[in-house]
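Keep the viewer open as you read.

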Amino acid sequence: MFKEPVEVLPNVNYTACATLKGPDSHYGTKGMRKVTHESSGSGTKTSFTFCYAAGNNNGTSVEDGQIPEVIFYT
């Protein structure tokens, strides 16, 4: 969680990363490349598309990784 909300602009690529310390950790599987949410009130659709990041990802990927969810509001 961030201390303050972070504005995410449309059609801009962002990279999320984390440094984990301590013993081996668990990780999620079957991650989705694209997630679309439709607002029940306005019908507005918000989509997040996930892709591979360059560099050493320590065995993680879009499908198998350490970041389990993105919490957002519009």
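Predicted model: local features only at pLDDT ≥ 70, side-chain atom pairs only at ≥ 80, totals over all residues.

Residues are numbered from 1 along each chain as its sequence is written, and side-chain values use heavy atoms, with hydrogens and water left out.

Back to K30: this residue is not a glycine, yet its phi is positive, at about 65°. Most residues other than glycine have a negative phi. K30 also counts as exposed, at 76% relative accessibility. Here buried means under 20% relative accessible area, exposed means over 50%, and partly exposed is in between, computed with a 1.4 Å probe on protein chains only.

Now for the secondary structure. The protein chain has 2 strands and 0 helices. Within strand β2 you will find T46, which is buried, with a relative accessible area of 18%. Leaving aside residues up to four places away in sequence, T46 touches V35, T36, H37, F72 and T74, where a contact means heavy atoms within 4.5 Å.

Past β2 (45-49), the following segment holds N57. N57 is partly exposed, its relative accessible area being 29%. N57 and E7 are 50 residues apart along the chain, and their C-alpha atoms are separated by 25 Å.

What about the cysteines? The structure holds 0 disulfides, a disulfide being a pair of cysteine sulfur atoms within 2.5 Å. The closest cysteine sulfur to that of C17 belongs to C51 and is 14 Å away, so the two are too far apart for a bond. Seen from the other end, C51 is in no disulfide, and its nearest cysteine sulfur is that of C17. C17 is exposed, with a relative accessible area of 70%, and C51 is exposed too, at 58%.

Finally, zoom out to the whole chain. Its radius of gyration is 14 Å, whereas a compact globule of 74 residues would have one near 11 Å; this radius is taken over C-alpha atoms, and the globule rule is 2.2 Å times the number of residues to the power 0.38. Along its principal axes, the C-alpha trace spans about 45 × 30 × 20 Å. Buried residues make up 4% of the 74 residues. Of the contacts between residues at least 6 apart in sequence, 47% join residues at least 24 apart.

The surface and the charges complete the tour. The chain exposes about 7,300 Å², and carbon and sulfur atoms supply 53% of that area; accessible areas come from the Shrake-Rupley method with a 1.4 Å probe, and for residues only the protein chains shown count as cover. There are 6 positive and 7 negative side chains, and the centres of the two sets lie 3 Å apart. In this count Lys and Arg are positive and Asp and Glu negative, while His and the chain ends are not counted; each charge is placed at NZ of Lys, CZ of Arg, CG of Asp or CD of Glu.

Key. Helix = DSSP H or I, 4+ residues; strand = E, 2+ residues; numbered from the N terminus.
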